[in-house]
Amino acid sequence: MSTRPFISIHGAVKRFPRSQAKGPSKTSSVPEFISALAGVDLEVDAGQVVVIIGPSGSGKSTLLRSINLLEALDEGRIVVDGVEATAPGADARRIREEVGMVFQSFNLFPHLTILENVSLAPRIVRGLRPMAAESVAKPLLERVGLGDKLGAWPRELSGGQAQRAAIARALAMEPKALLFDEPTSALDPEMIREVLDVMLDLAGAGMTMVVVSHEMGFARAAADRVVFMDAGRIVELGSPNSLFDSPREARTRDFLSRVL
């Protein structure tokens, strides 16, 4: 049995051009680029739940999007299930089939029913016939508590229901891992719990998960490791108990004092 990590990130660097609203200044000492990732190393084992926390702009979402090749690194390597995803000519489609992603916004197709939304990718990507694709989608919608919403339109769902449908859609591709980019940030407080319960169920079932979240209760309950990021770097990582109860770094303690 392989002992290699399922996801390995080595020296990840990502820079974005700094906005020049008033045009470039020849005398300005302000850097031309912002480093969203400034040399990140991280490993995620199969079946592990890693929750990434940190202030806005710390590079959390950029790191997540880089794993799924939605952002191209300027430097560094990402290896997914033994395949170097960042190598020239890497098959991005294959990586995204193995590593699904759930976004803040639900991105459901408004002209398709919930069943059609979830069964679409198995039909288009995996080539399943409509009835076979629906046989994949229906149990997943049952699993996330939407078995009674198969014929509903996205506009008829609450935010929590729509996000659960988005999770079912990601699961329909039978990924080996799931990435969650602040999946509850667009939800009303009363809807957050229903989405977190689905994520806890997935974690309990052994799904490999990397989650960017502000939900510290979820991180404490579900994470094997918690990563605290700031200014494009990993400041500290450890078990939920160690990071939340006895953080080593002053920056971590300062952040947690503001959010807990």
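**Reading the helix packing**

Modeller: The buried residues of helix H3 pack against H4 and helix H5 (159-171), where buried means under 20% relative accessible area with a 1.4 Å probe and protein chains only, and helices are DSSP runs of H or I with at least four residues, numbered from the N terminus. This is a predicted model, in which local features need pLDDT of at least 70 and side-chain atom pairs count only at pLDDT 80 or more, whereas totals for chains, interfaces and linings use all residues. Residues are numbered from 1 along each chain as its sequence is written, and side-chain values use heavy atoms, with hydrogens and water left out.

Colleague: Which residues of H3 are buried?

Modeller: They are Ile114, Leu115, Asn117, Val118, Ser119 and Pro122.

Colleague: At what angle do H3 and H4 pack?

Modeller: Two packed helices are described by the angle between their axes and the distance between the axes. Here H3 (residues 114-124) and H4 (residues 130-143) pack at about 125 degrees, their axes 8 Å apart; axes are lines fitted to C-alpha atoms over the stretch in contact, and angles run from 0 to 180 degrees between N-to-C directions. H3 and H4 are therefore oblique to each other, given that under 35 degrees counts as roughly parallel, over 145 as roughly antiparallel, 65 to 115 as roughly perpendicular and the rest as oblique.

Colleague: Which residues of H3 and H4 meet?

Modeller: With contact meaning heavy atoms within 4.5 Å, Ile114, Leu115, Val118, Ser119, Pro122 and Arg123 in H3 meet Pro130, Ala133, Glu134, Ala137, Lys138 and Leu141 in H4.

Colleague: How do the axes of H5 and H6 cross?

Modeller: The axes of H5 and H6 come within 8 Å and cross at roughly 20 degrees, and that makes H5 roughly parallel to H6. On the H5 side the contact includes Gln163, Arg164 and Ile167, and on the H6 side Val195, Met199 and Leu202 are among the partners.

Colleague: How many residues has the largest nonpolar core?

Modeller: A nonpolar core is a set of buried Ala, Val, Leu, Ile, Met, Phe, Trp, Tyr and Cys residues joined through side-chain atoms within 4.5 Å. The largest has 48 residues, and those with the most contacts inside it are Ile53, Ile167, Phe180, Met199, Leu202 and Met209. Its largest share, eight residues, comes from H6 (residues 189-204). Leaving aside residues up to four places away in sequence, Met199 touches Ile167, Phe180, Pro183, Met209, Val211 and Phe218. A second, separate core of 27 residues includes Phe6, Ile9, Val40 and Val227.

Notes
Buried means under 20% relative accessible area, exposed over 50%, partly exposed in between (1.4 Å probe, protein chains only). Helices (H or I, at least four residues) and strands (E, at least two) are DSSP runs, numbered from the N terminus.
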